[in-house]
Amino acid sequence: MSTTHALREQLARLMEERHVPGLQAVVLRHGEIVASETLGMANLEHDVAVTRESVFSINSMAKAFTGIALMQLVESGDLDLDAPVSRYLDALPEAWQPITIRQLATLTSGLPEIMAYGADSSVGLVAADEEAAWAVVRAAPMEFEPGRGYNYVQTNYALLGKVIDRLSGRPFVDFITERQFDIAGMTHTRYANDHDLIPHRADTYMSIDASGEPTGRIDKSRLDWPHLLRTAAGLHSTADDLAAWMSALESGALLSPASRHTLWTPIPTHDGSPGLWGIGWLVFERPQGLVPAPGGGGKAQIARYPDGLTLIVLTNLLGAFPEHVAVAHGKPIDLVYMDDLLPYCPH
């Protein structure tokens with residue numbers, strides 16, 4: 001049996017186990033596609049199959065794009081990762097002023113949360129509009145002293161969006177589109193919400209409630225990301241587009257090797273424990289070495305291994321696959337399913 005056929009069978013098995021409607025997968029070797037698979041349904045109601053043109057929601061993988069944008073600003077001399085955010089933004093609360101850009105990017109700032117989840121698993125802000133939400137969060141107490149803890153709080157990336165706006169001289173969406181999508185040739189990638197009309201969209205489904213518990217049924221997702229949170233989530237793409245993006249990143253078209261190293265180097269925690277985050281990129285310690293692995297929504301995942309192998313898997317079931325992680329000491333530590341796929345990838 002060929003490795004490509006074996007990979008397809010393994011993906012189909014995982015889809016069946018986790019009740020995933022549809023999937024795209026791409027395997028890269030040193031920036032070149034060596035395998036590509038499409039399985040299942042992009043739309044269950046109308047019996048539409050997944051193709052290579054199907055556009056999937058990739059949620060928090062948007063943080064990895066924001067990380068590259070930050071490093072591009074570092075390369076241009078406009079941004080210092082260890083400078084306080086108050087160097088770049090005015091009128092911040094006193095407790096926020098010493099927070100560094102690096103602490104925002106690695107979710108170690110201690111900021112309170114600006115995002116809220118609805119009872120129906122929708123997402124939104126802590127108040128009715130952006131201005132009111134900023135007022136609420138600015139008045140809230142810090143969760144911990146900057147650099148003295150970790151919390152997955154979207155306020156960090158909302159502030160980073162304001163920094164990119166200020167330093168690039170244009171909205172962060174335009175900066176990321178011009179400096180990443182356009183350079184890599186990502187013709188199917190865009191910031192969007194579940195209610196937007198997107199050609200070839202793979203509808204997103206969910207089988208969990210707001211607390212993450214299984215509901216026993218499959219419903220359509222209703223994730224509409226406010227603009228200020230799109231540095232943190234709200235991207236849509238295809239596995240082929242993400243493959244082109246990873247190839248551009250590895251070739252030096254987006255960042256220098258030195259900047260890419262910073263992007264992919266996890267920052268230790270304040271007590272010296274291994275960290276989880278580089279600059280916008282989750283990075284896991286695996287037997288093979290450090291594995292940069294941005295993911296989104298429990299349904300979209302990239303894993304880049306030190307030997308030059310990159311796996312990209314996009315699904316359309318929120319919370320079921322592929323962010324299958326083991327938990328130890330309260331932290332996700334292991335991308336189990338990606339390692340499970342490695343024996344089936346072409347070499």
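User: What is the strand order in the open sheet of 6 strands, and how does it pair?
Analyst: In this predicted model, the order is E3-E2-E1-E15-E14-E13. The pairing is antiparallel.

User: Which strands stand at the edges there?
Analyst: Strand E3 (48-49) and strand E13 (295-296). Each has a single partner strand, so one side of each has no neighbour in the sheet.

User: How many bridges join E1 to E2?
Analyst: There are 8, and the two strands run antiparallel.

User: Is His 30 buried or exposed?
Analyst: Exposed, at 58% relative accessibility.

User: Where is Leu 107, which also has a positive phi?
Analyst: Leu 107 is in the loop between helix H3 (101-105) and strand E5 (115-117). The phi of Leu 107 is about 60°, and Leu 107 is not a glycine. Leu 107 counts as buried, at 1% relative accessibility.

User: Back to the sheet. How many residues of E14 are buried?
Analyst: 5 of its 5, so E14 is mostly covered.

User: Which of them point which way?
Analyst: Ala 300, Ile 302 and Arg 304 point one way from E14. Gln 301 and Ala 303 point the other way.

User: How is E14 joined to E13?
Analyst: By 2 bridges, with the strands running antiparallel. Gly 296 stands opposite Ala 300 in E14. E13 and E14 form a hairpin with 3 residues between them. In that turn, Gly 297 has a positive phi of about 65°.

User: And how many bridges pair E14 with E15?
Analyst: 5, again in the antiparallel sense. Ala 303 has Leu 311 in E15 as its bridge partner. This hairpin has 4 residues between the strands, and Gly 308 takes a positive phi near 95°.

User: Where is Tyr 305 found?
Analyst: In the loop between strand E14 (300-304) and strand E15 (309-315). Tyr 305 is buried, with a relative accessible area of 2%.

User: What is Tyr 305 in contact with, leaving aside neighbours within four places in sequence?
Analyst: Gln 288, Val 291, Leu 311, Met 338, Asp 339 and Leu 342. Take Asp 339: it is 34 residues from Tyr 305 along the chain, and their C-alpha atoms are separated by 9.8 Å.

User: New topic. What is the order in the open sheet of 3 strands?
Analyst: E4-E10-E7, with antiparallel pairing. Strand E4 (56-59) and strand E7 (190-191) stand at the edges, each with a single partner strand.

User: How many bridges pair E4 with E10?
Analyst: 3, and E10 covers residues 235-237. Phe 56 has Ser 237 as its bridge partner. Ser 57 has His 236.

User: Which way do the E4 side chains point?
Analyst: Phe 56 and Ile 58 point one way, Ser 57 and Asn 59 the other. All are buried.

User: How many aromatic pairs turn up in the whole structure?
Analyst: 8. One of them is Phe 181 with Tyr 191, a tilted pair at 6.0 Å centre to centre, with 35° between the planes. Phe 181 is in helix H6 (residues 172-184) and Tyr 191 in strand E7, 10 residues apart. Both are buried.

User: Which residues do ring pairs link into a cluster?
Analyst: Phe 65, Phe 172, Phe 181, Tyr 191, Trp 245, Trp 264 and Trp 281.

User: Last one. How do H2 and H5 cross?
Analyst: Helix H2 (residues 62-75) and helix H5 (residues 155-168) have axes that come within 11 Å and cross at roughly 40°. The crossing is left-handed. Contact residues include Lys 63 and Leu 70 of H2, and Tyr 157 and Ile 164 of H5. Lys 63 lies over the face of Tyr 157, at 5.6 Å from the ring centre.

Conventions: Residues are numbered from 1 along each chain as its sequence is written. This is a predicted model: local features need pLDDT of at least 70, side-chain atom pairs count only at pLDDT 80 or more; totals for chains, interfaces and linings use all residues. Side-chain values use heavy atoms; hydrogens and water are left out. Two strands pair if DSSP finds at least two bridges between them. Rings of Phe, Tyr and Trp (its six-membered ring) pair if their centres lie within 6.5 Å; planes under 30 degrees apart count as stacked, over 60 as edge-to-face and the rest as tilted. Buried means under 20% relative accessible area, exposed over 50%, partly exposed in between (1.4 Å probe, protein chains only). A charge sits over a ring if NZ of Lys or CZ of Arg is within 6 Å of the ring centre and within 35 degrees of the ring normal. Axes are lines fitted to C-alpha atoms, for helices over the stretch in contact, and angles run from 0 to 180 degrees between N-to-C directions. A crossing is left-handed if the near helix is turned anticlockwise from the far one by less than a right angle, and right-handed if clockwise. Contact means heavy atoms within 4.5 Å.
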